[in-house]
Amino acid sequence: MDRHGQVVALLDATGIFFEPARTAFPGADEAAWERAGRLDPGAAGPDGSWALAFRCFAVARPGGRWLLVDAGVGPAQSPAAAWAPAPGRLPDALAAAGIAPADVEAVVLTHLHEDHAGWASGIDGEPFFPAARYIVQRAEVAALDRADPVWDWTVAPLRASGQLHEVDGVHRPAPGITLLPTPGHTPGHQSVLVDQGAGARDVVVTGDVLVHAVQLGDPAVPYSHERDRRTARASREDLLALARRRGALLATAHLTRAFVEPPAETMPGRRP
């Protein structure tokens, strides 16, 4: 089990992305790819493919309670099954960490893509975490097309159960935990800052602000599935700068290592 202080990494799935890495990240030069290979060598799959993880994070709370960041690819019938390696194994990862679904008091959804909201519901269609508030930015829900399968899989059942909590902007769901709007990948994307106090380094859970080490090494590199590339780049640069100022580790959803250091500097020739 990969853990840093109060923060536990939970691997839901691993797989090969449906696009080659150089298609998914247009505009990256050879220096950026070389740096990415040093930062995350495990992401280089055969024939230029991109090997990635699908990861959630649990943050310990007092009294044996937990806050979960993201909900993985989900069971076999989840919307992510159309392209991601569903079913995920988050229930087994939770059990291995000693976390029962009923112990989760809140689930922060960084955004409403299929591979981050899959275990919001279980195989019975009911909310998988029965006692949890599911926290999402209001702008994210507002931007989601009702024809998107995530609406019926995640938004509708959580609204029906009264568990969907929509927030606006910076939000603190618990002491030491701050939700930070980081739009661009999607309109209402959010990341999570975990302030661990004097006992351990802070952790920044990035969500999809960066999805590959090529963006870690060069934040200017766009991702083909970002809704707004200019805004996504600004969010990425700002979040990495925040992590450097605080001396925080990055907790990544898709890199092959759960916890990584923010790079000390941007790529040569890029603006700081």
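**Chat about a predicted protein chain**

Reader: Let's start with E2. How many bridges join E2 to strand E3, and in which sense do the two run?

Author: There are 9 bridges between E2 and strand E3 (residues 51-61), and the two run antiparallel. Strands here (E, at least two residues) and helices (H or I, at least four) are DSSP runs numbered from the N terminus, and two strands pair if DSSP finds at least two bridges between them. Within this pair, Ile16 stands opposite Ala51 in E3.

Reader: Before we go on, what sort of model is it?

Author: It is a predicted model, where local features need pLDDT of at least 70 and side-chain atom pairs count only at pLDDT 80 or more, while totals for chains, interfaces and linings use all residues. Residues are numbered from 1 along each chain as its sequence is written, and side-chain values use heavy atoms, with hydrogens and water left out.

Reader: OK, back to E2. Why call it largely enclosed?

Author: Strand E2 (residues 7-16) has 7 of its 10 residues buried, so it is largely enclosed by the rest of the structure. Buried means under 20% relative accessible area, exposed means over 50%, and partly exposed is in between, with a 1.4 Å probe and protein chains only.

Reader: And what about E1 and E2, how many bridges there?

Author: Strand E1 (residues 3-4) is joined to E2 by 2 bridges, running antiparallel. Arg3 stands opposite Val8 in E2. The hairpin of E1 and E2 has 2 residues between the strands, and Gly5 takes a positive phi near 60° there.

Reader: Switching topic: which strands make up the open sheet, and in what order?

Author: It has 6 strands in the order E8-E9-E10-E11-E12-E13, and the pairing is mixed. Strand E8 (171-174) and strand E13 (259-260) are at the edges with a single partner strand each, so one side of each has no neighbour in the sheet.

Reader: Is E9 buried or exposed, for the most part?

Author: Strand E9 (residues 177-181) has 4 of its 5 residues buried, so it is largely enclosed by the rest of the structure. On to its pairing with strand E10 (residues 190-194): that is antiparallel over 5 bridges, and Thr178 stands opposite Leu193 in E10.

Reader: And the E13 end?

Author: Strand E12 (residues 249-251) pairs with E13 in the antiparallel sense over 2 bridges, with Leu250 opposite Val260 in E13.

Reader: Now a helix. Where is Ala160, and is it buried or exposed?

Author: Ala160 is in helix H5 (residues 149-161). Its relative accessible area is 71%, so Ala160 is exposed. Ala160 and Pro127 are 33 residues apart in sequence, and their C-alpha atoms are 10.0 Å apart in space.

Reader: Zooming out, how many helices and strands does the protein chain have?

Author: The protein chain has 7 helices and 13 strands. Of its 272 residues, 57% count as buried, and its C-alpha trace spans about 50 × 45 × 35 Å along the principal axes.

Reader: What share of contacts comes from residues 24 or more positions apart?

Author: Such residues account for 72% of the contacts with a separation of 6 or more, where contact means heavy atoms within 4.5 Å.
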